[in-house]
Structure formats: C-alpha cells, structure tokens
Amino acid sequence: MKLVIVPLLLVAVCSVADRCLGEPGSSCSYSPSNWCSTVDAAIECGVLKQCLEANSTKLQSQSVQVGLYYESLCPGCRGFLTQELFPTWTLLQDIMDVTLVPYGNAQESFDGKMYHFTCQHGEEECLGNMIETCIMNLTSSAAFQIIYCMESSSDVVKAAQSCVQLYSPSLPWDSVMSCVKGDLGNGLMHLNAMKTDALKPSHQYVPWITINGDHTDDLQDKAMSSLFPLVCSLYKVGPVPCTTCRSCTMYHM
C-alpha cells in the first residue's frame, strides 16, 4: 500500500486531538477537531506529519479487501487470478488489498505428528498450493508477482523456481523447498485449511471470492466478470487515486 496524499481530505485524528498529536503551534487558530481538516490547517498547527500518518492509516484500513480461496491447478482459479485479480491489483493496489488462500476443495487429515493433504487435482496441485503458501510466507513484497508468474505459465509447479528467481532473486530456492517439505509449510497449509473451513457461508466451489470479508452470488459474479469497476465502486474514502486509469473516478461521480 502507498500513502496517497489527497489535499482537503485529511482525516481528523480524534475528537480530543491534543491527546493524539501534542500541542499545536503558537499560530494555530483552529480548534483541535479541525487540525487535520485541511492541509493549510495542519501546517499552521504544526501537525502535518501526524495528520498524513493518520490519513495513511485511514486509507489502508478502508481499502477494498479482496480474498481469493483457490487451488493452484484449478483452471477457473488460474483464469480469474491472471485475467482479473492481478491486472486489477496492478492498477488499483493503492486502494485494494488481496488475500490469497491456496487450498480450495482439498481435504486434510492428521496422524498425530503432521497434517496430510489430498487435493482435487492430485499431488501436483498439493505441491503447487504448498509452494505458493511458502512463497507468501517467505517474501511478502514479491509474492503476488511470483504467484501470477506461476499461474500464467503452462506448468505451474515447474515454473515456480524460475518465477522466484525472476521476482525475488535474493530468496534461495532451497529456502522455499525447506518450507515446503518441513514443519513450517505443513503448519501454514493447516492454517489455510482452517481459514477455508471458517468461511461463512461455507465455500461451495472454487474460485471462491470474498469482498470485504463477504461472499454473495452477486459479488462473486461481479468480481469474476469485472473486478476493476467493482473495486472502484466500493472504495468510499474519497476520489480514487488511480493515475493509470482515469475512468476509475466515474464510479464516484
């Protein structure tokens, strides 16, 4: 997420601002509740830095949250991730956060020491799910690019190492495979299973999409066919900071 500075849209930090921001400058003519109301007010009262930091937190907390519960080898999942989700995130990452949960219709069992997973598309899919899960744990900044690279390749699993080398060259492939084969990956995949099982309503198919934590047939259909305008329409903080596609602002007119 990037800090988006929107003049005249700075948020008030709290009702008793002096508890949050300290004492204002001697020239401040604004009441505490208005210190962050405009850029000029924030400068005059000597709290611009604090107001911008508060504004950044506000923007992040009100970003549109898109969750994708999927399987690494599921054709429909791959299509949505590569054709809708990643392109939309590339353009709108200032106003949207993405959560990827590779598990889907898998099943898990526990033998007393570790979890075992059975996947809808076989062992190769379980391996793909585990690799992507470990990548997200080991490199948060480049994880989405790596997973997009994998999912858009003809062979998801075989492409993994080269995708990691391309987008996160400092991450040793041995570290990824150590996670995949060890307790870390096993535990992380169990967390994916619990997240998927906790969905309300329970998932019935994949890809299963949540928007701001909710899933409805209408949200699913809109996300699958036109995620970009859906995210734009749901962003309520203010004018959309979308520099690469000005048409985004039409959803706030």
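The bend at a residue is the angle between axes fitted to the seven residues ending there and the seven starting there. The model shown in these views is predicted, with local features needing pLDDT of at least 70, side-chain atom pairs counting only at pLDDT 80 or more, and totals for chains, interfaces and linings using all residues. Residues are numbered from 1 along each chain as its sequence is written, and side-chain values use heavy atoms, leaving out hydrogens and water.

**View 1. Helix H4 has a kink of about 40 degrees, centred on Leu 81.** Helices (H or I, at least four residues) and strands (E, at least two) are DSSP runs, numbered from the N terminus. H4 covers residues 75-92, and its 18 residues reach 24 Å from the first C-alpha to the last, close to the 26 Å expected at 1.5 Å a residue, where the expected span is 1.5 Å times one less than the number of residues.

**View 2. Strands E3 and E4 run antiparallel.** Four bridges join E3 (residues 107-110) to E4 (residues 115-118), and strands pair if DSSP finds at least two bridges between them. Glu 108 stands opposite Phe 117 in E4, while Gly 112, in the hairpin with four residues between the strands, takes a positive phi near 100 degrees.

**View 3. The largest nonpolar core has 29 residues.** Such a core is a set of buried (under 20% relative accessible area, 1.4 Å probe, protein chains only) Ala, Val, Leu, Ile, Met, Phe, Trp, Tyr and Cys residues joined through side-chain atoms within 4.5 Å. Ile 131 is one of those with the most contacts inside this core, and H7 gives the most to the core, with six residues.

Note on methods: Buried means under 20% relative accessible area, exposed over 50%, partly exposed in between (1.4 Å probe, protein chains only).
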